[in-house]
Each structure stands twice: as structure tokens, then as C-alpha cells.
Amino acid sequence: MKKTIMITLLGVATLTKAQKVKEADVPLAVKEAITKQYKGVKVEKWEKETDNFEAEFDYNKQETSVLISPNGKILETEIEINVGALPTAAIDYINKNMPGKKIKEAAKITNDQGIVSFEAEVGEADYIFDYDGTFLKKEVEAKDDDKD
């Protein structure tokens, strides 16, 4: 099972690009999915990633982003965590392979099947680890992406 997950994750493009979109351009099913799952939140930023939509907002005092299909299915939830909450193996990997570099931010990612992974932002890249802290892939945002 781990190999299947790893192959799937590695098959995803390592260069990500998101485009900001106006709330008016977000399908109703997508907005309703957020309203249903996260009552009372105000989405601060909408982005389009390939065919899906990403909503960014604060929920329970944590930065949260949710990836949603155009038909309203929640595909992935990402919640910011303290760097110290990363699996020890992930922190060890970064310290060994990027000496002197610091982890800027960390997040816990849960996909629609309940599989948890972790993200560590180092420099201009995000390093993705499985639940146990095994390195899976590196993602780099496109330079022309608007990042707040």
C-alpha cells in the first residue's frame, strides 16, 4: 500500500501553479462544500489548480486550505502546524540533506481517503513526507504565481 501511495504521489507534477480566481467565478457546488464542512468561515483567497479550486481561510485559529473538485468533492485539506509537530524522520531528513536551512512552515495534509502526509517549506520548495516522515517528493511553485 505504501508503494502505491508513493508512486501516486511521485506521479503528480513537481511544479505547481495556481491562479487566483474571483469568488464569483467559483462554482456554487465548491462554495457549498466549504460552507457545509466549515460553518461560518470566510474564504480569504480562492485559487484554481488545474481543474480544481483551493480555498484558503482561518479555521479554529489555524491557517487552512482545502482543495475541492468542481462538483464539490473535498479532495485534500491542509492545516498549518508547528514545525516541531512534523515527524522526527522528516526533520532529520531536512537537517541531513539541507544543513543550515530552516523549515519556514509546516502543514498536515489529509486527502479524501484519510491518508495523512506532511509538508515542510524550506527555501522556495515544499518537501512532502508520509505519515512516518519518509521523504516522498519536492514541489516548487512557479515563479509567476502570486504568493501572499
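**Contacts, exposure and aromatic pairing in a predicted model**

Leaving aside residues up to four places away in sequence, Ser-117 touches Ala-107, Lys-108, Ile-109, Ile-128, Phe-129, Asp-130 and Tyr-131, where contact means heavy atoms within 4.5 Å. The structure is a predicted model, in which local features need pLDDT of at least 70 and side-chain atom pairs count only at pLDDT 80 or more, while totals for chains, interfaces and linings use all residues. Residues are numbered from 1 along each chain as its sequence is written, and side-chain values use heavy atoms, with hydrogens and water left out.

Ser-117 is found in strand β8, which covers residues 116-122. With a relative accessibility of 12%, Ser-117 counts as buried; buried means under 20% relative accessible area, exposed means over 50%, and partly exposed lies in between (1.4 Å probe, protein chains only). The C-alpha atom of Ser-117 is separated by 9.7 Å from that of Pro-87, a residue 30 positions apart from Ser-117 along the chain.

The protein as a whole has 3 helices and 10 strands. Helices (H or I, at least four residues) and strands (E, at least two) are DSSP runs, numbered from the N terminus. In order from the N terminus, the elements run α-β-β-α-β-β-β-β-α-β-β-β-β. Of the 148 residues, 36% are buried. Among contacts with a separation of 6 or more, 43% are accounted for by residues 24 or more positions apart. The accessible surface comes to about 9,400 Å², and 50% of this surface belongs to carbon and sulfur atoms; the areas come from the Shrake-Rupley method with a 1.4 Å probe, and for residues only the protein chains shown count as cover.

Thr-77 is placed in strand β6, residues 74-81. When residues up to four places away in sequence are not counted, the contacts of Thr-77 are Tyr-38, Thr-64, Ser-65, Val-66, Lys-108, Ile-109 and Thr-110.

Backbone angles were examined next. Thr-50 has a phi near 55°, a positive value in a residue other than glycine. Thr-50 is located in the loop between β3 (45-49) and β4 (52-59), and a relative accessibility of 71% makes Thr-50 exposed. For Lys-61, phi is near 65°, likewise positive in a residue other than glycine. Lys-61 occupies the loop between β4 and β5 (62-68) and is exposed, at 86% relative accessibility.

The structure holds 7 aromatic pairs. Rings of Phe, Tyr and Trp (its six-membered ring) pair if their centres lie within 6.5 Å; planes under 30 degrees apart count as stacked, over 60 as edge-to-face and the rest as tilted. The ring centres of Tyr-93 and Phe-135 are 4.7 Å apart and the planes lie at 5°, so this pair is stacked. Because Tyr-93 lies in helix α3 (residues 88-97) and Phe-135 in strand β10 (residues 135-141), the pair ties together parts that are 42 residues apart in sequence. Tyr-93 is partly exposed at 25% relative accessibility, and Phe-135 is partly exposed with a relative accessible area of 26%. Phe-135 also forms an edge-to-face pair with Phe-129, at 5.9 Å centre to centre and 70° between the planes. Phe-129 is buried, with a relative accessible area of 0%. Tyr-93, Tyr-127, Phe-129 and Phe-135 form one aromatic cluster.
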